[in-house]
Amino acid sequence: MLAAANAWRFRADLIELARSLPGEPGVVYVDNADYHDLLRWAFFLGVVPVRAPITWVFMLRRICYDVDQRRWMQGKQHLALAFRLFALRRRRRIRFVSDSGRLIAHYQQLTRAPVHLAPVPHTHFPAKPSLPWNDRPLHFVFLGDARPEKGWPSLCEAVFLVRAHPEGRELHFTLQAHQASGRDADVASALERARAAQDERLQLLEAPLSMPDYHALLGSADAVLCPYARARYQTTSGPFTE
């Protein structure tokens, strides 16, 4: 069920974590745990001594359930076993959270423990006043990853169609393609086409942005493009999470 080497390495890391924790109350947050991770945590939290009064928070996202195909990934039985093991750790303060109400409904099928809604937090910054646009090109911005669920192939196709129109040549596009999905042929093809088409009116950003740069780019946009896949968009905290 678990590779022995990985399991014992996990145990050693958890023991080191337990030793490093201060004596006062605290929180250990585990993000995007799959069923392998949850099984290891559920087992070793029962055998590794942790003296500090820690609350263990596990974020359950779509890594275990495919909302597009409406099915569990491999390991549903192992995930259910992990939840049963967690239920035996009554002396531990264990909390489960998810960023989607629809995902919570699926996870609650496997555990009696409550799974709480914890949306991805959004930051706010003061937007600049709208600028006159009749003497400058309109600026369209996409912020995020070049992945199929974020609509990257459709986004690029739309941009190319608009730029092929005479009036579209006066528009300015800035597209961020951080963490491109190299395994998707449509994403790779669209990304290569966008790289080849770059000019003063089409800028491609393939690196993460600092917070000030992110805010500056967002504030410079006349329109923000959000071509998200409908099924995926409805099961997340929203598109503005980068």
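**Exercise 1.** State what share of the contacts in the protein chain with a separation of 6 or more comes from residues 24 or more positions apart.

*Solution.* Take contact as heavy atoms within 4.5 Å. Keep the pairs with a separation of 6 or more; residues 24 or more positions apart account for 77% of them. The model is predicted: local features need pLDDT of at least 70, side-chain atom pairs count only at pLDDT 80 or more, and totals for chains, interfaces and linings use all residues. Residues are numbered from 1 along each chain as its sequence is written, and side-chain values use heavy atoms, with hydrogens and water left out.

**Exercise 2.** Work out the strand order of the open four-stranded sheet, and say which strands stand at the edges.

*Solution.* Strands are DSSP runs (E, at least two residues), numbered from the N terminus. Two of them pair if DSSP finds at least two bridges between them. The order is β1-β2-β5-β6, with parallel pairing. β1 (26-30) and β6 (115-117) are the edges: each has a single partner strand, so one side of each lacks a neighbour in the sheet. From one strand to the next, the twist averages 30°. Next, take β2 (residues 54-59) and β5 (residues 93-98): five parallel bridges join them. Phe 58 stands opposite Phe 96 in β5.

Conventions:
Axes fitted to C-alpha atoms, helices over the stretch in contact; angles between N-to-C directions.
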